Amino acid sequence: MSANASSSPPGPPPSRRFRKLYCVVFLLACCATLEIGARLFVRDPSLKPEYFRLIEDFPRREAHLRSISQAARLQYYDYHLFAPRPVAAETITFTDYYSARRVPVSDSPGHAEEMVWLFGGSTLQNSDAPDDLTLANVVAAKLKEAGISACVRNFGVSTFQSSMELTKFADLLRRVPPEEQPTLVVFYDGFNDSAHGYRSGAGNFQRDLSQKLEDLVARQPGRLLVYLASESVAKHSVFWERVIAWRINWRLFARPLADSSQPNRKQAVSIYLHNQRMLRAICREYAIHCLFVLQPMIFTKQPLHAQEQEILDNTPGDLAKFTKEFYGTVLQSATNSNDFVDLSTVLNGSADWDFYDVGHVGPNSNQRIGTALAEPVIKALRK
């Protein structure tokens, strides 16, 4: 056999091999550039641009923004579905006590004479403020100033409204030991009961979440598989998380058209008031004093700061109308109840920029709201 016949076939030309290598290096460089650019220049899409502007001069701004990103993950819980996972970031701490937000000046449960639980949505969870500036911590500080020894638990969870709080409250009562059950409980609501009612239907919570649960229960995994794949990539890529993932979530679980009709608004109010009745019955059975607090919103503040007026001008008019009518009907129905507290106008007269969207306020505004919230709490505990 000749030498030519026994030799191995020639490989690809050097130029072709280098071309493939160049393509791989180019793709990796593009990915690295996108990732580095996202980490440096793309903000967390869950935080509104107005919030960044509002806290521009906040002393712990950078540390707090890092903490918000670190504390954004959720943990599953039976019955009430989810709450923030326990985490200790620089300015935000969620404890392992059913994900209750840390209340720094609260007395410890073993030494407190009173147990105070607070429930609400993101406005009570208060991730837009450090632990020491939350509404719950302001309340705890005012209780201490009044000489009341109290352990204050902040069970606020983003997106929760009164229906979800009813479920969580009842579940916690049966889980905690008797000595840890509250002597007083506060339900701080209005924003999500009206906004979710407008966007997702009376009594419903955030629509994309219910759609995911619906797909799971109905064994329709198609959208969930795409969503989970996207979220898995987002765990390792800031670019994917901040630029791609939320768009995929929006496309997969598109929210329905808002319903600003009068029947939907009346039903939303009816469900909110029925939830109050059921919560009263539970509290009466357990000898717990309860307070139902109607929280402030941008629609209820007068006069508005120039930045707030700009936010309001960019808010759908039918949402503003729906919320105002929701609040008006609630006030007509609940004002005479001795456990109802109207804080909807607590920011009236404030010349500060309080709201960075229709319902959330900045860290500095919590002092005024928390002080007003503490007054009925102190009065009830002294009785």
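## Charges over rings

The charged end of R43 sits over the ring of F52, 4.2 Å from the ring centre. A second case involves R153, which lies over the face of Y97 at 3.7 Å from the ring centre. To count here, NZ of Lys or CZ of Arg has to be within 6 Å of the ring centre and within 35 degrees of the ring normal.

A quick word on the ground rules: this is a predicted model, where local features need pLDDT of at least 70, side-chain atom pairs count only at pLDDT 80 or more, and totals for chains, interfaces and linings use all residues. Residues are numbered from 1 along each chain as its sequence is written, and side-chain values use heavy atoms, with hydrogens and water left out.

Rings of Phe, Tyr and Trp (its six-membered ring) pair if their centres lie within 6.5 Å; planes under 30 degrees apart are stacked, over 60 edge-to-face, and the rest tilted. The count by this rule comes to 16 aromatic pairs. Y97 and Y98 make an edge-to-face one, at 5.3 Å centre to centre with 80° between the planes. Y97 counts as buried because its relative accessibility is 15%, with buried meaning under 20% relative accessible area, exposed over 50% and partly exposed in between (1.4 Å probe, protein chains only).

F119 and F169 also pair edge-to-face, with centres 5.7 Å apart and 75° between the planes. F119 belongs to strand β5 (residues 114-120) and F169 to helix α7 (residues 162-175), so this pair ties together parts that are 50 residues apart in sequence. Both F119 and F169 are buried. Zooming out, Y97, Y98, W117, F119, F155, F169, F187 and F292 form one aromatic cluster.

Helices (H or I, at least four residues) and strands (E, at least two) are DSSP runs, numbered from the N terminus. Five strands make up an open sheet with parallel pairing, in the order β6-β5-β7-β8-β9. At its edges are β6 (150-154) and β9 (340-342), each pairing on one side only. On average, neighbouring strands of this sheet are turned by 20° against each other, direction ignored.

Two strands pair if DSSP finds at least two bridges between them; β5 and β6 have 5, in the parallel sense. V116 has V152 in β6 as its bridge partner. Helix α6 lies across β5, β6 and β7 (184-189), running at about 170° to β6. Axes are lines fitted to C-alpha atoms, for helices over the stretch in contact, and angles run from 0 to 180 degrees between N-to-C directions.

Strands β1 (residues 74-77) and β2 (residues 81-84) pair in the antiparallel sense over 4 bridges, and Q75 stands opposite A83 in β2. The two strands form a hairpin with 3 residues between them, and Y79 in the turn has a positive phi of about 75°.

S127 is in the loop between α5 (122-125) and α6 (135-145). Is S127 buried or exposed? S127 is buried, because its relative accessible area is 18%. The S127 side chain makes a polar contact with the side chain of Q125 at 3.0 Å. Such a contact is a pair of N or O atoms within 3.5 Å; within protein, one must be able to donate a hydrogen and the other to accept it, and residues adjacent in sequence count only if both atoms are side-chain atoms. Neighbours within four places in sequence aside, S127 is in contact (heavy atoms within 4.5 Å) with H64, I68, I92, F94, R101 and S122.

R284, by contrast, sits in helix α12 (residues 262-285) and counts as exposed at 62% relative accessibility. The C-alpha atoms of R284 and W117 are separated by 16 Å, with the two residues 167 apart along the chain.
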